[in-house]
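Visitor: Hi, I have a structure to look at and a few quick questions. Can you walk me through it?

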Amino acid sequence: MAPSSGHNPGTRVRDRLVVWTAIGLVLLSVVWALRDPRVFGPPPTSSTTLALTPEALSLVTGDEPLVEILTKPGCPVCHIIPGIPGATGQVGPPLVLGSTGLQRLNDPEYRGQATTVHEYIVESVLEPQQFVVRGYPEHTMPTWYGSKLSALALEKMASYLERQTEGSVSR
C-alpha cells in the first residue's frame, strides 16, 4: 500500500474543532478584557483601601494647645484674636465675640439658626455665609473649615472666642 498524501477525514474535523475552540477562547478573552469595569467592578459594600490625601486629614484634632487650634487653620491671618500671638489680621472682623456676639445674633441681616453666641461661632465656621459682618467682604471665609476641623477643635475654639472681649487677653 502506498502512503496516503491526504489527511484522514477524522483528523480534519478534530483540527477544525481545535482551531474554532482556540478562536472562541481568544474572543472570550478579548470580551473579558474590554468589559466595563463599572459593571463588573467590586460591589459597593466591599472594602477598598483609601489613600490618605491632604483633603482627607483634619487640620487640628482638638487635642492640641489652644494657640495651635486657632493658628494651624490660619485664623490669625484674617482675624484679630486676643491672646493669640500674631493674630493681627484685617480681612475678617476681630474675634471678640464676648463683646460682639449678641449684637451679631440680633442684627436684622443675620439669617442663621444660632440662639447663643457659642452656637453662632460654630455656625460661622460651618456656614460662613449665614452672616457676614457689615464692612467685611463676602465669600472670604473658607467654606471648607467645617470639614477640616474636628468637633472637639471647633468646640474649643467657640468656648475660647465667646469669652473674648475688646482688650481681653484671656486664654
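Visitor: Which residues line the second largest pocket?
Guide: First, keep in mind that this is a predicted model. The lining is made of Pro93, Pro94, Val96, Thr100, Gln103, Arg104, Asp107, Phe131, Val133, Arg134 and Glu166.

Visitor: What volume does the second largest pocket have?
Guide: About 160 Å³.

Visitor: And how does its lining divide by class?
Guide: Five residues are nonpolar, two are polar and four are charged. Asp107 and Arg134 are among the lining residues, and Asp107 and Arg134 also form a salt bridge.

Visitor: How far apart are the closest N and O atoms in that bridge?
Guide: They are 3.2 Å apart. Asp107 sits in the loop between α5 and α6, and Arg134 in the loop between α6 and α7, so the pair ties together parts that are 27 residues apart in sequence.

Visitor: Is Asp107 buried or exposed?
Guide: Buried, because its relative accessibility is 15% and the cut-off for buried is under 20%. Arg134 is exposed, at 54%.

Visitor: How many salt bridges turn up in the whole structure?
Guide: Three. Lys72 and Glu68 form one of them, with their closest N and O atoms 3.9 Å apart. Glu68 is partly exposed, at 31%.

Visitor: New topic. What is the volume of the largest pocket?
Guide: About 530 Å³. It is lined by 31 residues.

Visitor: Which of those are closest to its centre?
Guide: His79, Pro93, Leu95, Ser124 and Met141. Pro93 is also in the lining of the second largest pocket.

Visitor: Which elements give two or more residues to the lining of the largest pocket?
Guide: α4, α5, α6 and α8. The most come from α6, which gives four residues.

Visitor: How do the lining residues of the largest pocket divide by class?
Guide: There are 23 nonpolar residues, seven polar and one charged. For the second largest pocket, the charged count is four.

How values were computed
Residues numbered from 1 in each chain as written. Predicted model: local features only at pLDDT ≥ 70, side-chain atom pairs only at ≥ 80, totals over all residues. Heavy atoms only, no water. Salt bridge = Lys/Arg side-chain N within 4 Å of Asp/Glu carboxyl O. Buried < 20%, exposed > 50% of the residue type's maximum accessible area, 1.4 Å probe, protein only. 1 Å grid on protein atoms, 1.4 Å probe; cavity = no way out; pocket = protein on both sides within 12 Å on 5 of 7 lines; lining within 4 Å. Points joined across faces, edges and corners; volume = space filled by probe spheres on them. Nonpolar A, V, L, I, M, F, W, Y, C, P; charged D, E, K, R; others polar.
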